[in-house]
Amino acid sequence: MLGIFVKDLYTVRKQAVWYAAVVVVFAALSVLIKQVAYAAAIGILVPVSMPLTAIAYEEREGSQKFVVASGIPRAAIVGEKYLLGLLFWLWSAAAYTTAYFILGAEGGAVEFVLPLCLPLIVLSAVLPLAAKFGVEKARAYMIAVIVVFMALYVALMPVVRDAAANALVLTLSLAGAAIAVFVLSFLLSVKIYRRREF
Amino acid sequence: MLSIRHLSKSYANFNLSGISFDVPDGAVVGLIGENGAGKSTLLKCILGAVSPDGGQIALAGKPLSSLTKRERQRIAFVLDDVGLPLELGLKATNTVLSKLYETWDAAKFRSFCEKFALPERKPLKEFSKGMKMKAAIAAALSRESSLLILDEPTSGLDPVVRDEILELLYDYEREDRAILLSSHITSDLEKIADYIAFLHDGRLIFCEEKDKLLAKYAVYAVSEGRLSELGGGAIVRVLKREYGTEVLAERERMPETFEGRAVSLEELMLFYAKGEKVC
């Protein structure tokens, strides 16, 4: 897995620097205009975009066949893309968290945790699609998935506020659900990728 | 080294069926066949990029499915589309491949790159086709391997680069190693192959020693009238062209009154692909 991870970091290094900078800019913007939603929104886009960009290069270069033929287990090939997503999730989560606490944003633990969980859930939805249909179609689906999740986020906010009395339970449930979906998504992607031919 | 038995793979409009042959230790097996004959599908089955529907493939007696990662990596390969990450330069490629392969020899890779005069700093996407192929060959030869699989390594390359690549393959230490080489350029295989496996329409027509094969058959130019004299026994295929009829036949079974000429691999392929059988 390390070899593919290093390859992807080399391959997407220019985009990675660009995205890392955008995350910082959005976090700073959130602080300046006192609206943490900007840092939250970019936190969804970046962790999903990086693995998709890496997969797009692989599809264009035919390097998926090269990696498979090199005897690397398919679970490791799939897992590396989840790892890449997690790496950029960590970066954007750190920027969002920093902005959130600088602003001293109002709201409870649920409102803080939800934007951290959404990128994992979107990533969990998009990566199996990329494994099944390839990155071009997955990108199209990604936009739909993000729109659906953003709409759900907005629609559920009043419910979330009402549930403040059970904040701890809800926060833990959200985090637990995000992790569970992430793990299930990985297992599904592995199953799909094992059947794929190059 | 490599043993293939009853291999089959079905697609909606193509079937690879009943493929059985061996790639012996120390031998170069040339795989020939027209476009769509199933060569790439066969190679992909060996490389694990395609799952066969049936049959067995074994490396040194061990089924591919039960090979460890290290054992699997003893199959080196050169893909027709190279497959190396094209955004990277050779230095970064060396680093990546050293993490990918358990028996990678970074010094050997550098040495090959210097030998091929490949630019170290340019990304591979800026290499010419020949340079990309040389980089792929350098990558394949810079780790411990017992089998080298090449899919059209000389396709689209000029004769000078092709010759360099063939020399490299010739130099590949072959005491306990083997090469399976797929190529449309049959003249390359005539230079380097010990055995020829011919695929046609998803089936293996023959896999025989090249020298015996070329000695066994000859091409005879005959008139329609004399063709009927021959009967079906010696004739393998008949190819009727506008300028005359040619017959591929077994030398030993032909009457001495007929004078044949040596057959090339390309002609063998043509006779089997386009020629008619005589009953």
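Q: In which loop is B:Ala60 found?
A: This is a predicted model. B:Ala60 belongs to chain B, and the elements on its two sides are strands E4 and E5. Its place is therefore the loop between E4 and E5 of chain B.

Q: What is the phi of B:Ala60?
A: Most residues other than glycine have a negative phi. B:Ala60 is not glycine, yet its phi is positive. The value is near 50 degrees.

Q: Is B:Ala60 buried, partly exposed or exposed?
A: A residue is buried with 20 or more other C-beta atoms within 10 Å and exposed with 12 or fewer. B:Ala60 has 14 such atoms, so it falls in between and is partly exposed.
The class is partly exposed.

Q: Which residue is the bridge partner of B:Leu59?
A: Strand E4 (residues 54-59) of chain B and E5(B) pair in the antiparallel sense over two bridges. The partner of B:Leu59 lies in E5(B). That residue is B:Lys62.

Q: Which are the edge strands of the open sheet of four strands in chain B?
A: The order of this sheet is E2-E1-E4-E5, with antiparallel pairing. An edge strand here pairs on one side only. The two that do so are strand E2 (14-23) and strand E5 (62-63) of chain B.

Q: Is B:Val82 buried or exposed?
A: B:Val82 lies in the loop between strand E6 (75-78) and H3 of chain B, and its phi is positive, near 70 degrees. The cut-off for burial is 20 or more other C-beta atoms within 10 Å. B:Val82 has 22 C-beta neighbours inside that distance, so it counts as buried.

Q: How many residues join E12(B) to E13(B) in the hairpin?
A: Strand E12 (residues 235-241) and strand E13 (residues 244-250) of chain B pair in the antiparallel sense over six bridges. One of the bridges sets B:Lys240 against B:Thr245 in E13(B). The hairpin runs through two residues.

Q: What distance separates the end C-alpha atoms of helix H5 of chain A?
A: Helix H5 has 30 residues (74-103), and at 1.5 Å a residue it should span 44 Å. A:Gly104, with a positive phi near 60 degrees, follows this helix.

Q: Which helix gives the largest share of the side of chain B that touches chain A?
A: In this interface, 24 residues of chain B are in contact with 19 residues of chain A. Helix H1 (39-47), helix H2 (69-72) and helix H3 (90-100) of chain B each give two or more residues to the chain B side. By class, that side has 13 nonpolar, five polar and six charged residues. The largest share, five residues, comes from H3(B).

Note on methods: Residues numbered from 1 in each chain as written. Chains lettered and ligands numbered in written order. Predicted model: local features only at pLDDT ≥ 70, side-chain atom pairs only at ≥ 80, totals over all residues. Expected span 1.5 Å × (residues − 1). Contact = placed C-beta atoms within 7 Å. Nonpolar A, V, L, I, M, F, W, Y, C, P; charged D, E, K, R; others polar. Pairing = 2+ DSSP bridges.
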